[in-house]
Amino acid sequence: MLYSSLKLNPDIFSPEVELASMRTGFGEGIVNAGTADKNVVALCADLTESLQLDKFKKKFPERFIEMGVAEQNLVTVASGMAASGKIPFIGSYAVFSPGRNWEQIRTTVCYNDVPVKIVGSHAGVTVGPDGGSHQALEDIALMRVLPRMTVIVPCDAIEARKATEAAAKTVSPTYIRLARDKTALITTDETPFEIGKAQIVWKSGSTPGKKQSRSLKLATSHQSLVTKSDLGIIATGTSLYRALLVAKRLTDEGKSVQVVNLSTIKPLDERAIIKLAQESGALVTVEDHEIAGGMGSAVAECLVKHFPVPIEFIGINDRFGQSGTPEQLIANCHIDEQDIYSAAHRVMLRK
Amino acid sequence: MSLNQDKIHLLESRAAAIRRSIVLMLIEAKSGHLAGALGMADIFAYLYFHALKHDPKKPDWEYRDRLVLSNGHICPALYATMAHAEYFPVSELLTLRRFGSRLQGHPHRDFLPMLETSSGPLGSGLSQTIGMALADRIDSGRSSGRRFYCLMSDGELDEGNSWEAIMLAGREKLHNLIAIVDRNNIQIDGNTEDIMPLNPLVEKWRSFKWHVHEVNGHDFADIDRAVTEAHTIHDKPTVIIAHTIPSKGIPKFEGKFEWHGKPPTTPDDIKTALRAVGVHTI
């Protein structure tokens, strides 16, 4: 069941679920951030309309800088502005920023320790028809390896707006990853958002029942904590929607499942991840990103150290994308609902 | 402030002290970049002891001019100049490149917060300086009184990022931005015109909408004319292409690209270097 205290979208499982673009959420978020703080500035590498920065540009023309197709200059100029007290948001596609300008991000943002906010759109294979060259599948890995960098992957347009507003209030270098397409609204305006906080968005059964006691029997003797679920699913970004659909299906089949929205990948909410591993004993991680170095890797790094449990990684397996519809590519790259469902059963057998 | 003969003599003695410190630091550290640091000593002396509005007792003074060292590898010149300007004790210079030293092999603000930027990887300093100038323009309009200096090498003009920055500053007409290019014609692998020809360099900058002034980088009056003239240009950024002699001050090493990235280490070379800068005992 959807976690009621988070006030998630009640229509999430409806075929008519409302869709919205994360870029729209970002565009609204930066206008709000710019209204709240005059030091917020925006720089864009020839993708102003695509990144939905046109509203910010119109409202704050003196605080918007068009950089042309020059992503290295985009981030280094932003670094200088941040060193002078500004909170620059830099917008491009993730393949180019933080892809092409990675060393400049490392040296002039992280090493310099200045609050530049990197917004990379068109991440994941869900970019679709533009093809593999424009589908960033490595950006989470590239950003989370950098000291001082905060990495946020919103799950929908509303969370993208909140992440943007929240990022403007911190002094940390920050990466915000956005998808291209309109995606299902999972959260609502009332859903809380906090950088660094993972949220349980789904938990099968609200009171202990038959299924719960069955799990208790499965708990191994060395586990001091009670196993409360058959399975934990950790998802990030637009993949969270598919994870929820699978969780519902598994719940309907009698499994008890918890789903965590891991929207901040760094700093990692280790407490929430360890707790989920303790309560479920088996995990599936789901992301539209390379498995190597991605969110699942971050989760595994944490659990191998603190509370090892079997994990199945749903992500892109060492390959590039191609042209197609998002649905075709999600199926082709083995990150669709059936893949998550199969992985869930595999990992439960590994307990 | 005009540059009279007395001031020129003072700057000459400052530059000599800076060169002496550079040589001593690098010999002590046993690694580091000699040629560019020595070649830029006169320009550092001119900036810190004449042109810059700054306060060594208050490095974060809000109204200071900004000086960004883009080619971070010549930081021995920056450190030596800052020490002689009393930002920190001259004795600290001998800690260069040591574990825990504030004087990192390439400048790092974590260790020495009075630096405007950390640097080392080439081609990004001008962009950062532009960012500072743009932030200043947003806050204070076009006449804040602050000036933004960026010291660059000619070799780093191989970097695409440099030209992205040059293009932007021209478009933005950043009149309070002064780039100073150390035109010493060398880079690690050889002479710039053999490795990756930059000429016609003046025409390149000019075509990117910059005011260009060539100077002899060892002639204080010449440097001063260029900087003074830059202050009168109100619709363009200025680049001063400073012709310098790499390893200036040690005649035996002068002009040789081989001294780009190393200090004197053999007894003969150490003796030659120390004698040239007027140190007879170490």
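Mentor: In this predicted model, an open sheet of chain A is built from five strands, in the order E9-E11-E10-E13-E14, and their pairing is mixed. The edges are taken by strand E9 (199-203) and by E14; each of these has a single partner strand, so one side of each is left without a neighbour in the sheet. On average, and with direction ignored, neighbouring strands of this sheet are turned by 20° against each other.

Within the sheet, take the pair made by strand E10 (residues 231-235) and strand E13 (residues 283-290) of chain A. These two strands pair in the parallel sense, over four bridges. One residue can be followed across: Gly232(A) has Leu283(A) in E13(A) as its bridge partner. Helix H13 (residues 337-349) of chain A packs on the sheet, where H13 touches E10, E13 and E14 of chain A. The direction of H13 makes about 160° with that of E14(A). Another helix, H10(A), lies across E10, strand E11 (257-261) and E13 of chain A, and H10(A) runs at about 170° to E11(A).

Lys266(A) and Pro267(A) are joined by a cis peptide bond, with omega about -5°. Pro98(A) belongs to helix H4 (residues 95-100) of chain A.

Two residues are marked by their phi values. Most residues other than glycine have a negative phi, and most peptide bonds are trans. Asp318(A), which is not a glycine, has a positive phi near 60°. Asp318(A) sits in the loop between strand E14 (311-316) and helix H12 (326-332) of chain A, and Asp318(A) is exposed, because 9 other C-beta atoms lie within 10 Å. His122(A) is not a glycine either, and its phi is positive at about 60°. The place of His122(A) is the loop between strand E5 (117-121) and helix H6 (139-144) of chain A. His122(A) is buried, because 26 other C-beta atoms lie within 10 Å.

Now consider the domains. The domain assignment of chain A gives domain 1 (19-184) and domain 2 (196-349). Their C-alpha centres lie 27 Å apart. In the contact between them, 27 residues of domain 1 of chain A meet 30 residues of domain 2 of chain A. On the side of domain 1 that touches domain 2, the elements that give two or more residues are H6, strand E6 (150-152), helix H7 (157-167) and strand E8 (182-184) of chain A. The residues of this side divide into 14 nonpolar, eight polar and five charged.

Helix H5 (residues 102-111) of chain A is mostly covered, with seven of its ten residues buried. Among the buried residues of H5(A) are Gln104(A), Ile105(A), Arg106(A) and Tyr111(A). What covers the buried residues of H5(A) includes helix H3 (71-83), H4 and E5 of chain A, together with helix H5 (125-140) and helix H6 (160-172) of chain B. After H5(A) comes Asp113(A), whose phi is positive, near 55°.

H3(A) packs with H5(A) at an angle of about 5°, and their axes are 9 Å apart. H3(A) is therefore roughly parallel to H5(A). From H3(A), the contact is made by Gln72(A), Val75(A), Thr76(A) and Ser79(A); from H5(A), by Gln104(A), Ile105(A), Thr108(A) and Val109(A). By class, the residues of this contact are three nonpolar, five polar and no charged.

That leaves the contact of the two chains, which takes 25 residues from chain A and 24 residues from chain B. On the side of chain B that touches chain A, the elements that give two or more residues are H5 and H6 of chain B. The largest share of that side, ten residues, comes from H5(B). That side of chain B has eight nonpolar, eleven polar and five charged residues.

Key
Residues numbered from 1 in each chain as written. Chains lettered and ligands numbered in written order. Predicted model: local features only at pLDDT ≥ 70, side-chain atom pairs only at ≥ 80, totals over all residues. Buried ≥ 20, exposed ≤ 12 C-beta atoms within 10 Å, placed from the backbone. Contact = placed C-beta atoms within 7 Å. Pairing = 2+ DSSP bridges. Axes fitted to C-alpha atoms, helices over the stretch in contact; angles between N-to-C directions. Parallel < 35°, antiparallel > 145°, perpendicular 65-115°, else oblique. Nonpolar A, V, L, I, M, F, W, Y, C, P; charged D, E, K, R; others polar. Domains from an automatic or database assignment.
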